[in-house]
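The sequence and the structure are shown first, and the findings follow by topic.

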Amino acid sequence: MLCHEPMAKTGGILCADCHALMAWQLPPIKLSAQVVGLPDRTFPLYFATFYQYPINQAMTHFKDSEHLPSLMLLFHAIHQMPRPVGAHADHTVIIPIPTTKKRLVKRGFDPVMVLAKCLAHHWQLPLWQGLSRIDDAEHQRTLDRRQRLDNMSDAFAICGEVSARRVILFDDVATTGATLQAAASVIIRHAPKTSLLAVCVAHGSQDFS
């Protein structure tokens, strides 16, 4: 996939040398969710690897031009994440971060949903699409941390009842965590007893983290 060298018939996507170029099985970081009337709550963010080459390049190619080889590299990254301990299909759902209608029309597809389906298949957990995007905010790529937090204010709404006891929020990339924090706050507001964690394919960079 990366070095284009012949591989043994292992059925893998990356050879051992290319796989070893990236950091895997990284410790989670803590994010916080604030809900009026409730104590501030922290939740872990797990990520497959850092948002640096080659994952950052693959993510851009996949999101901007539906580049299939890049999707396969991201699929490889997703498969490096073990299913959370105690997560089962009868009480756990994966909630993908939704996109805006405007961005969906522009792209023609929802990259986060595609990757969320890969994760759901990998972990054998159901998706729940009851979270909706209600803003037409500026794209997060161009904003700093403070602007990202402001940009996500009141950006999500719940459509329906969160019936699962455990929720896994999923996004493709987390830079500051602002999007996941905003989504988590909405979920906690509607279902305060729900156990919550977040997952993304890539986070920050090795230096940033």
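Strand β3 (residues 92-96) is mostly covered, five of its five residues being buried; buried denotes under 20% relative accessible area, exposed over 50%, and partly exposed in between (1.4 Å probe, protein chains only). Strands, like helices, are DSSP runs numbered from the N terminus (E, at least two residues, for strands; H or I, at least four residues, for helices). The model is a predicted one, in which local features need pLDDT of at least 70, side-chain atom pairs count only at pLDDT 80 or more, and totals for chains, interfaces and linings use all residues. Residues are numbered from 1 along each chain as its sequence is written, and side-chain values use heavy atoms, with hydrogens and water left out.

- In a regular strand the side chains alternate between the two faces of the sheet.
- Both faces of β3 are covered: T92, I94 and P96 are buried on one side, and V93 and I95 are buried on the other.
- β3 pairs with strand β6 (residues 166-174) in the parallel sense over five bridges; two strands count as paired if DSSP finds at least two bridges between them.
- Within this pairing, V93 stands opposite V167 in β6.
- T92, which lies in strand β3, counts as buried because its relative accessibility is 1%.
- The C-alpha atoms of T92 and S163 are separated by 9.2 Å, although the two residues are 71 residues apart along the chain.

**Overall composition**

- The protein chain contains seven helices and seven strands.
- Along the sequence these elements follow the pattern α-β-β-α-α-β-α-α-β-α-β-β-α-β.
- Of the 209 residues of the protein chain, 50% count as buried.

**Helix α7**

- Helix α7 (residues 178-190) is largely enclosed by the rest of the structure, because eleven of its 13 residues are buried.
- The buried residues of α7 include A178, T179, L180, Q181 and A182, and among the others are V186, I187 and I188.
- At 1.5 Å a residue, the 13 residues of α7 should span 18 Å, and the end C-alpha atoms are 19 Å apart, which agrees; the expected span is 1.5 Å times one less than the number of residues in the helix.

**Salt bridge**

- Side chains of opposite charge can pair when their charged atoms come close.
- The count comes to one salt bridge, where a salt bridge is a side-chain nitrogen of Lys or Arg within 4 Å of a carboxyl oxygen of Asp or Glu.
- D172 forms a salt bridge with K63, and the closest N and O atoms are 2.8 Å apart.
- D172 lies in strand β6 and K63 in helix α2, so the pair ties together parts that are 109 residues apart in sequence.
- Both D172 and K63 are buried.

**Cysteines**

- A search of the whole structure finds zero disulfides, a disulfide being a pair of cysteine sulfur atoms within 2.5 Å.
- C159 counts as partly exposed because its relative accessibility is 48%.
- C200 counts as buried because its relative accessibility is 0%.

**Surface features**

- M1, L68 and M72 make a nonpolar surface patch of about 250 Å².
- Patches consist of residues with over 30% relative accessible area and no salt bridge, with like charges joined within 9 Å and nonpolar side chains (Val, Leu, Ile, Met, Phe, Trp, Tyr) joined within 5 Å.
- Accessible areas come from the Shrake-Rupley method with a 1.4 Å probe, and for residues only the protein chains shown count as cover.
- L68 is found in helix α3 (residues 68-78) and is exposed, with a relative accessible area of 52%.
- E5, in the segment before α1 (16-20), is exposed, with a relative accessible area of 54%.
- The C-alpha atoms of E5 and C15 are separated by 8.2 Å, and the residues are ten apart along the chain.

**Backbone geometry**

- Most residues other than glycine have a negative phi, and most peptide bonds are trans.
- The peptide bond from Y53 to P54 is cis, with omega near 5°, and P54 lies in the loop between β2 (41-50) and α2 (55-65).
- E66, in the loop between α2 and α3, has a positive phi near 55°.
- Q124 also has a positive phi near 55° and is found in the loop between α5 (111-123) and β4 (131-133).
- Q124 counts as exposed because its relative accessibility is 51%.
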